[in-house]
Amino acid sequence: MEKKKVGIVGAGISGLAACKFTLSKGLIPIVLEARGDIGGVWTETLETTALQTPREMFQFSDFPWPKSVTEKFPRYNQVLDYLKSYAEHFGLLKHIKFNSRVLSIDYEGCSDEEMEGWTHWGGSGEAFAERRKWRLNIVDAHTNIPLQAIVVDFVVLCIGRFCDVPNIPKFPPNEGPEAFKAGKVLHSLEYSAMDFDIASKLIKDKRVTIVGFQKSALDLAMECANANGPNKPCTVLYKTEHWNLPNSHPWGIPLHFLYMNRFAELLIHKPGEGFFLYLLAVLLSPIRWLFSKIVETYVMKKHKLAKYGMVPSHSFLQSISACFIATLPDKFYDKVDEGSIVLKKSQSFRFCEEGIMIEGETKPIRSDLVILATGYRGDQKLKEIFTSSTFRDHMTFHDSMVSLYRLCIHPRVPQLAVVGFTENTSNLFTSEMRCRWLAEFLDGTFKLPSIKEMEKDIANWEKTLKHYSGPFFKRACIAILHIWYCDQLCKDMGWNPRRKKGFFADLFLPYGPSDYASP
């Protein structure tokens, strides 16, 4: 029997894991990477970029970090070296076609009318179907010259959510970047892609305004403050305060003991839970509130948030539920005190000739350079890779989160999976588990349920995530439900979801990648 071909788009963390596990099942992976190297978002970063997740939580289950890396939060170059070592160790590089950009994908061998009549995913709930294939249309990433299309039996999209397509705020006519005559406007995507020396020269002796208050914005602000000091202060323009952590040990307690073990998940409601678990979450809700307050009081005291008017109006639970947490750069508020960083809050802004105008102020923020650290439009990239308008409609999520079964498969898009599009406190951990589950599915270990059952499960997850993450639910973050999620994957694969020995160890110790190293 001819081996099935699996097309994997992207050679970042998810793409590498997908390649490794499909190989382990005797399939033929074909990895298409637009860049000239592996690593995804880690190939274009700020010079100061480091992991936000402790090293032991950001590793492949069967490939630990080398002993030479002792930092708790390795820097970007160490992460890249680790990923390259992983690829070399498992022989993945020979399966990757570099500088190959996938422009679009076509599903062949089935009409829209036929698919509408299916009660199960792909008609049968199985991974493959005779005579139905995906055609991947490819160009050379440097020249845009079309390359030979590749036909595969299954597609895994590992195209990432936080790269390639910048999220640019919309402005009324003549109030966007075109109105800014005194300087230049960049997105953080463009700045991150620059050579470090060129980037350093760009911000030197400039009045820089940064729009945003997540990790990229914070790191950018520190780079500007260190380069220019109070003589040319960096202005950070933000909408919402967030619980940015000084470290991962509030009051000396590892954060993973508060939020990353089974006991922590007993405190919250879970999708598809029974009455006993529902009642338990209600009864234990005071402890849930206490855990959130432990972190909040620590962050407030450590950063003196009240002094700077930076106390968030939402709870830490809501922040971590939405993956809206970042480790604040060291001495960030010291730079605010010395005047090297100026914090400005506004719900909207517009450009003018000298810089930026914000609500409630009559004078502009005079700027030489404006950097928009306003995120990415991964949803747009995911949708537009399909030539079929039907599939594009399915992949347009509107006001819902990422509507994927097991956060991986769309019930109405056959022979295709999406990996690495939802978030967790350790995206590598989640992606590897998902790729392991996907490989078992491709190998025929289990079938998918009916389309109606899949859509019901998605709705349950969406309801739960909305409940805890509030207005930030679109980020599709599973940080506070990661063990519950992995339990579902384990049950599908026929694994015992209880990965630790002993009742108390399983209840109170944090779960990490090494717990899932083998069935």
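In the predicted model, a disulfide joins cysteine 323 to cysteine 477, with an S to S distance of 2.1 Å. This is the 1 disulfide found in a search of the whole structure. The link between cysteine 323 and cysteine 477 is right-handed, with 65° about the S-S bond. Distant parts of the chain are linked by this pair, 154 residues apart: cysteine 323 lies in the loop between α12 (316-321) and α13 (332-337), and cysteine 477 in the loop between α17 (451-469) and α18 (482-493). Cysteine 323 has a relative accessible area of 9% and is buried; cysteine 477 is likewise buried, at 2%.

Cysteine 19 is in no disulfide, and the nearest cysteine sulfur, that of cysteine 158, is 9.9 Å away. The relative accessible area of cysteine 19 is 1%, under the 20% limit, so this residue counts as buried. Cysteine 435 is also in no disulfide; here the nearest cysteine sulfur, again that of cysteine 158, is 5.7 Å away. Cysteine 435 is buried, at 3% relative accessibility.

An open sheet is formed by 5 strands in the order β3-β2-β1-β7-β16, with parallel pairing. Because β3 (96-97) and β16 (416-418) stand at the edges with a single partner strand each, one side of each is left without a neighbour in the sheet. Strand β7 (residues 154-157) is joined to β16 by 3 bridges, and valine 155 has leucine 416 in β16 as its bridge partner. Helix α16 (residues 427-442) packs on the sheet, where it touches β1, β7 and β16, and its direction makes about 175° with that of β7. Helix α1 (residues 13-24) lies across β1, β2, β3 and β7, running at about 170° to β1.

How values were computed:
Residues numbered from 1 in each chain as written. Predicted model: local features only at pLDDT ≥ 70, side-chain atom pairs only at ≥ 80, totals over all residues. Heavy atoms only, no water. Pairing = 2+ DSSP bridges. Helix = DSSP H or I, 4+ residues; strand = E, 2+ residues; numbered from the N terminus. Contact = heavy atoms within 4.5 Å. Axes fitted to C-alpha atoms, helices over the stretch in contact; angles between N-to-C directions. Disulfide = S-S within 2.5 Å. Buried < 20%, exposed > 50% of the residue type's maximum accessible area, 1.4 Å probe, protein only.
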